[in-house]
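Hi,

Here is the structure I promised to pass on to you. Have a look at it first, and then read on for my notes.

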Amino acid sequence: MTEEKKKSLFDRIWDVFASVKLAIIIFALIAMTSVVGTVIEQQAEPEKNIQVLVKMFGVSHDTAHSILGVLDSLGFTNMYHSWWFLAFLLLFAANLIICSLERLPRIWKLVQEKIRPVPAPYLEKMSIKHAFAIPGKASGLKDTVAAALRSGGFKPAEAAEAAAVQLYAEKGNYSRLGVYITHLSILIILAGAIIGIFFGFNAFLNLPEGETTSVAYKDRGIEVPLGFEMRCDNFEVEFYPNSEMPKAYKSWLTVLKNGQEVMKKAIVVNDPLTYQGITFYQSSYGMVPNSAGRGVLILRAVSKEGKSEQLNLKFGTTFTIPGTTVTGTIRDFSPALSFDQGGNPFTYSDQMTNPAIYVEFADKGTRSFSGWILKRFPRTWDLPDGNRVEFLDYWGVQYTGMQVRKDPGVVIVYLGCIIMAVGLYMTFFMSHRRVWVSLTEEKGSVKVLIGASANRNRASLERKIEKMVSVISAGHKGGK
Amino acid sequence: MNSSVFFGLATIAYIFAMILYISYLAFRKSTVGIVATTLTIAGFVSQTFAILLRWAEFKEIGGMGWLRAVPLTNLYESLIFFVWCLILAYLIIEFKYRNRSFGAFITPVAALALAFIDISGMSKNIQPLVPALQSNWLLAHVMMSFISYALFAVSFSTGLMYLIVRSEERTEGSYIFWTVTLGIFVVVLAAMGLDYLTFKMAVKSQEEFIKGYLFRATFRNESAAISLVSVAVSAAFIFLVWRYGGILKKIISSFNISADTLDDLTYKSIAIGFPIFTLGGLIFGAIWADQAWGKYWTWDPKETWSLITWFFYAFYLHSRLMRGWKGRKVAAVAVLGFVAVIFTYLGVNLLLSGLHSYGSQ
Ligand code: HEM
């Protein structure tokens with residue numbers, strides 16, 4: 001009691017932070033508040049969360065409104081950035097650091113201590129032990145035992161006393177540090193996250209085909225200079241055959257520095273482009289407003305005889321199929337063409353999900369036929385007169401939406417992840433194993449006494465020792 | 001041959017194995033036990049074959065490499081894989097500990113999971129991968145998550161059994177805890193079964209089912225009388241489990257498994273599951289998100305629930321180190337941990353998506 005009283009305030013606080021009990025309390029606190037954070041949608045329109053509350057608790061709209069008001073003032077609507085959540089994380093880190101500082105020196109000393117021979121009576125009390133006698137001499141048996149230990153992965157040392165020899169070895173001594181490596185890795189990951197928050201940025205960029213920019217945009221339209229220029233050469237959505245299911249969103253990008261092309265890459269979701277620490281992720285796409293008539297149509301006209309020519313055309317222009325007198329005029333465009341039950345065409349979306357052009361054909365000036373040519377349906381490319389018009393692309397009307405990120409902390413986070421994997425492996429899949437074999441000569445036979453211990457996964461060491469015992473007995477018989 | 005034939009065979013094998021394992025418990029006839037094991041192995045082989053077939057079908061349809069065509073992209077496929085891992089873990093335990101008694105606890109979980117697939121009417125079609133899922137991390141991430149979920153499921157069963165064996169009095173906290181937990185588990189499953197029987201015809205998709213029909217046949221019924229009766233029946237059932245829980249204890253005690261073995265099994269499955277979950281579930285998930293969206297952590301509900309689960313099991317590992325926490329308290333943490341797992345896996349997609357529009361993306 002008196003001991004307790006003498007402790008200074010600092011010591012008492014230190015003790016609190018050095019306890020696993022506090023860790024458990026913090027785990028519970030973070031877990032429970034996080035649950036609330038998954039139910040209340042974060043950084044959302046208030047109306048959304050009011051609906052959630054109404055659905056969950058069956059309260060009236062007004063009550064839900066005031067509940068949300070309370071939650072909002074407590075920070076629950078943007079909880080992972082609230083001061084108290086950050087405080088939990090800080091407590092967590094402090095607890096982890098102090099707890100480790102408190103224990104590490106002792107563990108370090110233990111780990112440094114090398115295994116030593118022990119008196120035979122101790123071996124009798126070990127959790128794994130074997131005792132048996134083999135006729136012969138200790139000196140002859142010693143090599144058999146050493147070989148058995150070596151084949152089990154141990155490097156035995158030797159100590160001799162009067163009529164006895166002891167071989168002893170240990171393995172996985174440092175695995176006891178696994179827990180601390182795991183804990184350290186958590187701190188490294190937290191540090192990486194903090195570096196990312198302070199020295200990185202998250203921005204987006206909607207870049208129309210053919211355009212170049214030197215900035216990206218953060219929330220509320222704040223410009224972030226890139227330090228180089230980025231051009232979108234082309235954007236395309238690929239679909240699975242005969243399906244509305246998108247297979248890939250692909251942007252062809254070019255990085256320019258001082259007007260020089262320095263890098264070219266086609267990015268898709270899951271395969272971003274990184275230049276000078278800034279990474280561009282494919283994230284969305286769309287039509288540039290009021291651009292429908294202003295892009296460039298890329299067609300390939302192929303005549304019956306197989307003559308072909310690639311054409312870059314403006315809306316409303318007329319082209320000729322090479323080697324023929326047939327001409328076509330582009331009269332209409334739809335980004336997403338469909339037909340209703342009466343067979344009348346209509347546009348079902350303002351995105352380029354099914355681009356189509358309406359072309360009027362004429363032969364020597366007289367109108368011959370007209371119809372829709374769809375980019376995604378090559379059967380519409382064959383004309384009734386045997387010629388062919390392939391619709392390759394409509395360029396310059398779409399933009400690619402990219403997430404732009406700079407995060408110097410990511411490497412540190414990844415490093416922390418690797419260290420965590422190593423630490424967890426050491427903690428759970430390795431163990432500190434010790435084994436002693438004492439050989440005592442007694443009236444023409446050798447008394448073999450084996451003792452072993454493991455701090456984890458004892459059963460597997462037990463099996464290993466059993467195998468060694470049979471190898472020792474068998475090996476000895478063979479050697480006679 | 002179609003993969004669904006072999007999935008069907010596996011389901012039937014597991015259901016019969018479940019019946020046999022339970023009768024083995026009751027009658028202790030070793031032939032019954034051997035047949036149960038044989039059936040489980042047959043079901044497992046058939047299921048393995050079915051997964052490989054589906055993998056090949058998927059590769060064909062998606063037109064991509066083997067690594068990308070892992071059949072683990074929707075709820076249906078992931079549940080199948082979960083059951084596969086669970087049965088594998090069980091078979092390993094059966095052969096290692098030479099004890100069949102766990103079968104009566106594991107096979108029902110497998111059979112129920114497969115039945116849940118049919119009950120919820122979830123889509124079994126092979127869908128080509130949307131761009132966000134076309135990542136080599138998908139294989140490692142999803143597979144390792146499910147292996148750890150299966151290990152956590154084992155720790156749940158053994159933890160619950162530990163509590164059953166170690167509780168003496170009906171008024172004890174641990175006794176009340178296990179009877180109520182088990183009671184709620186059974187009640188929820190039964191209520192979902194009733195939903196299925198009642199609304200089978202009306203349902204088109206799994207999501208619609210969960211959002212619109214979950215517990216509609218019982219607790220959320222339009223008629224107040226029926227929902228009251230449901231609550232009353234559930235309460236009565238939980239009371240019965242509480243009143244007659246001793247019987248279950250007798251059965252489990254007759255297994256010749258010591259409480260220490262159960263505790264050890266609970267710890268071991270978590271000690272293997274936890275690193276696998278950390279690496280596969282959290283770290284690989286974060287790397288994938290980083291590559292796909294440029295953010296390794298966004299606090300979205302699925303990520304957050306994985307973190308909650310992780311904290312729960314860290315809680316478990318540390319609480320074993322606390323003075324006075326050995327035994328029942330720790331086992332209760334293991335049991336609750338699995339509730340977090342179920343929520344991470346099913347609840348986030350099915351329930352929170354009813355509140356937000358998360359699942360539809
Ligand atoms: C507030 C933060 C934490 C504190 C203060 C803390 C403290 C401790 C302590 C004192 C030990 C016992 C070490 C020993 O046996 O010598 C331990 C073990 C361990 N800790 Fe933590 N820890 C914290 C957070 C975490 C987290 C987040 C993880 C998640 C990976 C973790 C993973 C482990 C593991 C795996 C063990 C070994 C458990 C076992 O042997 O069963 N710790 N921790």
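This is a predicted model: local features need pLDDT of at least 70, side-chain atom pairs count only at pLDDT 80 or more; totals for chains, interfaces and linings use all residues.

The iron atom of the ligand takes two donors from the protein, A:H183 and B:H318, each through its NE2 atom, at 1.8 to 2.0 Å. Because the six donor atoms around the iron subtend angles of 83 to 179 degrees, the arrangement is octahedral. A:H183 sits in helix α9 of chain A (residues 178–199) and B:H318 in helix α10 of chain B (residues 301–319), so this pair joins two chains. Both histidines fall under the 20% cut-off for burial: A:H183 counts as buried because its relative accessibility is 17%, and B:H318 is buried as well, with a relative accessible area of 18%.

Next, chain B as a whole. Chain B is built from 11 helices and has zero strands. Of its 361 residues, 55% are buried. If you take the contacts in chain B between residues at least 6 apart in sequence, 75% of them join residues at least 24 apart. The accessible surface of chain B is about 15600 Å², and carbon and sulfur atoms account for 69% of that.

The packing is worth a look too. The largest nonpolar core has 141 residues, and the members that touch the most others are B:F82, B:F102 and B:F274. Helix α5 of chain B (residues 137–166) supplies the largest share of this core, with 18 residues. Chain A takes part as well: its domain 1 (3–110) and domain 3 (197–288 + 399–418) both give residues to the core, so it lies between them. Leaving out residues up to four places away in sequence, B:F274 touches A:L424 and A:F428 from chain A, along with B:F152, B:W310, B:Y313, B:A314 and B:L317 from chain B. Apart from this core lies another one of 25 residues, including A:F132, A:V435, A:V437 and A:L461.

Finally, there are two backbone details in chain A. A:N258 is not a glycine, but its phi is positive, near 50 degrees. This asparagine, A:N258, is in the loop between β7 (246–257) and β8 (260–268), and it counts as exposed because its relative accessibility is 76%. A:N457 is another non-glycine residue with a positive phi, about 55 degrees. You will find A:N457 in the loop between β22 (445–454) and α11 (458–479) of chain A; at 42% relative accessibility, A:N457 counts as partly exposed.

Best wishes

Conventions: Residues are numbered from 1 along each chain as its sequence is written. Chains are lettered from A and ligands numbered from 1 in the order in which they are written. Side-chain values use heavy atoms; hydrogens and water are left out. Donors are N, O and S atoms within 2.8 Å of the metal (3.2 Å for Na, K and Ca); water is not among the atoms, so sites may look incomplete. Four donors count as tetrahedral if all angles lie between 85 and 135 degrees; four count as square planar and six as octahedral if opposite donors are over 155 degrees apart and all others between 65 and 115; anything else is irregular. Helices (H or I, at least four residues) and strands (E, at least two) are DSSP runs, numbered from the N terminus. Buried means under 20% relative accessible area, exposed over 50%, partly exposed in between (1.4 Å probe, protein chains only). Contact means heavy atoms within 4.5 Å. Accessible areas come from the Shrake-Rupley method with a 1.4 Å probe; for residues, only the protein chains shown count as cover. A nonpolar core is a set of buried Ala, Val, Leu, Ile, Met, Phe, Trp, Tyr and Cys residues joined through side-chain atoms within 4.5 Å. Domain bounds come from an automatic or database domain assignment.
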